[in-house]
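Hi,

Here is the structure I promised you. Have a look at it first, then read on for what I found in it.

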Amino acid sequence: MIEVHGLTKRYGDFTAVRDLSLRVGSGEVLGLVGPNGAGKTTTLRCLAGIIPASAGTIHLAGHDLTATPVAAKRALAFFPDEPRLFEYLTVRQHLNFVARIYGVRNHETIAQPLLEEFEIADKADQLPGELSRGMKQKLAIACGLLHGPQVLFFDEPLTGLDPLGIRRMKNSILQRARAGATIVLSSHLLHLLEEVCTHVLILKKGEKIADGTIPEVAARFSQGEPTVNLEEVFLRATGGTEG
Ligand SMILES: Nc1ncnc2c1ncn2[C@@H]1O[C@H](COP(=O)(O)OP(=O)(O)O)[C@@H](O)[C@H]1O
Ligand SMILES: [Mg+2]
């Protein structure tokens, strides 16, 4: 469960996210959408405790991110849009290292299935420099899942993957949701979001314009038409055509 009230993030005088509230339940996948610069990455970074919020409260799996940051961070995993890896650690050493930081016991029995799920088991002894971008992304995700987080934040997880990689990533996300994880992801690939997300939240210039299930949000911007896809909703909501 994620509960956010009145999240505001300022960079100096500039307000990147303003008074954002949201709630995502266990098993739900919230898609954060909005034009470039809308504040998606800023929101995800605040929710994951990477950068401090200027105002507002954030609860993750029952833990207050400000009052009990260690407990909250133990419950979450954050996957940035650019995977950050250690140049001199192999794939397996990454997993060993992360397991030690998080105090994951019997991590070998967890790491091996993750390597297989993300199809990098045959790269276990290779360095990041020898991996493709998609493989690096998969390694970063395998590392983040090692401690069994209940709350997952993905920034643009489908960008840069090939079609098979996208399908696998979608399945991995859906599988975690079915197992009870609470997930927020951002993406510009709106047709893919429709297949993964139970809910969407549309951001524009740091403010929430609409949120709800995809049919609820679609109904709001449908202008009486029976079916409106998320791309059309996005364009209408963010000013592509008047909505
Ligand atoms: N570290 C920063 N310092 C100052 N401004 C920033 C910083 N990071 C992001 N911004 C600004 O905040 C706004 C939201 O950015 P971002 O959250 O990256 O949007 P999105 O991920 O939706 O494209 C943009 O106007 C961006 O220029
Ligand atoms: Mg971004």
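Glu119 sits in the loop that joins helix H4 (107-117) to H5. (Helices are DSSP runs of H or I with at least four residues, strands are DSSP runs of E with at least two, and both are numbered from the N terminus.) The phi of Glu119 is near 55 degrees, which is positive even though the residue is not a glycine. That is worth a second look, since most residues other than glycine have a negative phi. Glu119 counts as partly exposed, with 14 C-beta neighbours inside 10 Å. (Buried stands for 20 or more other C-beta atoms within 10 Å of a residue's own, exposed for 12 or fewer, and partly exposed for anything in between, with C-beta atoms placed from the backbone.)

Before you go further: this is a predicted model, so local features need pLDDT of at least 70 and side-chain atom pairs count only at pLDDT 80 or more, while totals for chains, interfaces and linings use all residues. Residues are numbered from 1 along each chain as its sequence is written, and chains are lettered from A and ligands numbered from 1 in the order in which they are written.

Ala61 is another non-glycine with a positive phi, of about 50 degrees. You'll find Ala61 in the loop between strand E4 (55-60) and strand E5 (63-64). Ala61 is partly exposed, with 17 other C-beta atoms within 10 Å.

Now the whole chain. There are 9 helices and 10 strands in it. Its radius of gyration is 18 Å, close to the 18 Å from the globule rule for 243 residues, so the chain is as compact as a globular protein of that length. (The radius is taken over C-alpha atoms, and the rule is 2.2 Å times the number of residues to the power 0.38.) Of the 243 residues, 40% count as buried.

Which helix is largely enclosed by the rest of the structure? Helix H1 (residues 40-47) is, because 7 of its 8 residues are buried. Among them are Leu44, Arg45, Cys46 and Leu47. Just after H1, Gly49 has a positive phi of about 75 degrees.

Val91, His94, Leu95 and Val98 in H3 meet Leu139, Ala142 and Cys143 in H5. (Two residues are in contact if their C-beta atoms, placed from the backbone, lie within 7 Å.)

Helix H9 (residues 230-238) has Leu230, Val233, Phe234, Arg236 and Ala237 as its buried residues. Their cover includes strand E3 (29-33), helix H7 (190-196) and helix H8 (214-220).

Cheers
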